[in-house]
Amino acid sequence: MTQTSDNVTWLTQEAYNKLKDELEYLSGPARTEIAAKIAAAREEGDLRENGGYHAAKEEQGKQELRVRQLTQLLQNAKVGEAPEDTGVVGPGMVVTIAFDGDEDDTLEFLLASREYASDDIETYSPQSPLGVGVIGKAVGDEAEYELPNGKTAMVKILSAKPYTG
């Protein structure tokens, strides 16, 4: 689970290992693969009209950006334990909220950094307006947060459990 605070990112050992493995792959085998794609495309001739070359260079740029992001993230990472099951909303918790207290209009999400996002569950950053509004609240509490249009919304915390996925 992750929480970013003052440029420190808190990670479980599992999340740290996952991100470190990704960095090692991107820094090694993936760099070799993209260099081979660029070299093969370069051999095709005129680089100005070589779609394969430009696509490979763009892919290389995205890959290098991810390497820089992961390097910075892991340099500032602190490895810790998953949050305790206290019913209080915090990073690394799966939170269920009801909009305007209506228990038929709910949302379940993981409160964590995007680096830990999963296809299995929607993820909201602790720095997002909703994240800021619910963090520190206990099950049964109401929380208010600002919508993009400047208005405020009220939610009720229905559950907050540590993410196990």
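Trainee: Is Gly136 buried or exposed?

Mentor: This is a predicted model, in which local features need pLDDT of at least 70, side-chain atom pairs count only at pLDDT 80 or more, and totals for chains, interfaces and linings use all residues. Residues are numbered from 1 along each chain as its sequence is written, and side-chain values use heavy atoms, leaving out hydrogens and water. Buried means under 20% relative accessible area, exposed over 50%, and partly exposed in between, with a 1.4 Å probe and protein chains only. Because its relative accessibility is 54%, Gly136 counts as exposed.

Trainee: Which residues does Gly136 touch, not counting those up to four places away in sequence?

Mentor: Gly136 lies in the loop between helix H4 (129-134) and strand S7; helices (H or I, at least four residues) and strands (E, at least two) are DSSP runs, numbered from the N terminus. Its C-alpha atom is separated by 5.9 Å from that of Val88, 48 residues apart along the chain. With contact meaning heavy atoms within 4.5 Å, the residues touched by Gly136 are Val88 and Val89.

Trainee: Why is S4 described as largely enclosed by the rest of the structure?

Mentor: Strand S4 (residues 93-99) pairs with S8 (residues 152-162) in the antiparallel sense over seven bridges, where pairing requires that DSSP finds at least two bridges between two strands. S4 also runs antiparallel to S5, joined by six bridges. S4 is largely enclosed because the number of its seven residues that are buried is six.

Trainee: Which residue takes a positive phi in the hairpin of S7 and S8?

Mentor: S7 (residues 142-146) and S8 pair in the antiparallel sense over five bridges, and Glu146 stands opposite Thr152 in S8. Five residues lie between these strands, and the one with a positive phi near 95 degrees is Gly150.

Trainee: At what angle do H1 and H3 pack?

Mentor: Tyr16, Leu19, Lys20, Glu22, Leu23, Leu26 and Ser27 in H1 meet Gln63, Arg66, Val67, Leu70, Thr71, Leu73 and Leu74 in H3. Axes are lines fitted to C-alpha atoms, for helices over the stretch in contact, and angles run from 0 to 180 degrees between N-to-C directions. The axes of H1 and H3 (residues 51-75) are 10 Å apart, and the packing angle is about 140 degrees.

Trainee: At what angle do the axes of H1 and H2 cross?

Mentor: H1 covers residues 13-27 and H2 covers residues 29-42. Their contact is made by Glu24, Tyr25, Leu26 and Ser27 of H1 with Pro29, Ala30, Arg31 and Glu33 of H2. The two axes come within 3 Å and cross at roughly 30 degrees.
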